[in-house]
Amino acid sequence: MLDSALRYAELGWPVVRGASPGEDRACTCDRMGCPDPAAHPVTMAWGTEASTDAETLRRWWTEHPGANVILPTGRVFDVFDVPREAGVMAMARMGRSGAVPGPVAAVDSSRYLFFVTTRSPTDEDEWWSCHLDCVPESVEEMPGLRWHCRDSFVPGAPSLLTSGGRVTWIRAPRVEEGSVVLPDPIAVLDILSDASEEFAAR
């Protein structure tokens, strides 16, 4: 986990410590009935604690080597989070059209995470944050699609999940001219929303 946290920091991506699967319950946090076990920060102060400082990261993971890696969104990148089936369809369509999806991660076998350029906070009126307790499926225009931007986060590979699986890269971040290549969010959103609607209609 520490090696991965340090690699994200080298990319310029802030990192924060995450909860992990518990031995006697789903999550190591103190919250009863945690709605997102092992996939959230360990502290409510994560927004100010998130760091790219190598020494800070080494201290955190030396103290808690099993902590998952959490990546705050709305700073360097935003993330579109869709059901796996919709993600598979979207990637196939991108491949046929010649569009490059950018970094894509899988959360176990249930969700795909598409990393895109962030517009927060300059265009914050156009964007919304996916908080831990929201119900994104209620957004009828884009069924099952979650939009992580400012004030949100996603688990980073290789975080361990309660199922025993891990967050894994399908398309790892690619660096050009010193920064990670991230696609335009609107172009990716068009394809993902169509795929999500088609998946929901099945």
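Visitor: How far apart are the end C-alpha atoms of helix α5?

Guide: Keep in mind that this is a predicted model. Helix α5 runs over residues 185–201, which makes 17 residues. At 1.5 Å a residue, α5 should span 24 Å, and the end C-alpha atoms agree with that: they are 24 Å apart.

Visitor: What covers the buried residues of α5?

Guide: Let's start with who is buried: among them are Pro 185, Val 188, Leu 189 and Ile 191. Leu 192, Ser 193, Ala 195 and Ser 196 are buried in α5 too. Their cover includes β3 (77–83), α4 (84–97), β5 (111–117) and β6 (146–148).

Visitor: Over on α3, are Glu 55 and Thr 62 buried or exposed?

Guide: In helix α3 (residues 54–63), the buried residues are Thr 56, Leu 57, Trp 60 and Trp 61. These cover an arc of only 120° around the axis, so they sit on the same side of α3. Elements covering them include α1 (2–10), β1 (16–18), α2 (46–49) and β2 (68–72). Glu 55 and Thr 62 are on the other side of α3, and there they are exposed.

Visitor: Which residues do ring pairs link into a cluster?

Guide: The structure holds ten aromatic pairs, so to speak of rings here is to speak of Phe, Tyr and Trp. Ring pairs link these into a cluster: Tyr 8, Trp 13, Phe 77, Phe 115 and Trp 169.

Terms used: Residues numbered from 1 in each chain as written. Predicted model: local features only at pLDDT ≥ 70, side-chain atom pairs only at ≥ 80, totals over all residues. Heavy atoms only, no water. Phe/Tyr/Trp six-rings, centres within 6.5 Å; stacked < 30°, edge-to-face > 60°. Buried < 20%, exposed > 50% of the residue type's maximum accessible area, 1.4 Å probe, protein only. Helix = DSSP H or I, 4+ residues; strand = E, 2+ residues; numbered from the N terminus. Arc of directions from axis to C-beta. Contact = heavy atoms within 4.5 Å. Expected span 1.5 Å × (residues − 1).
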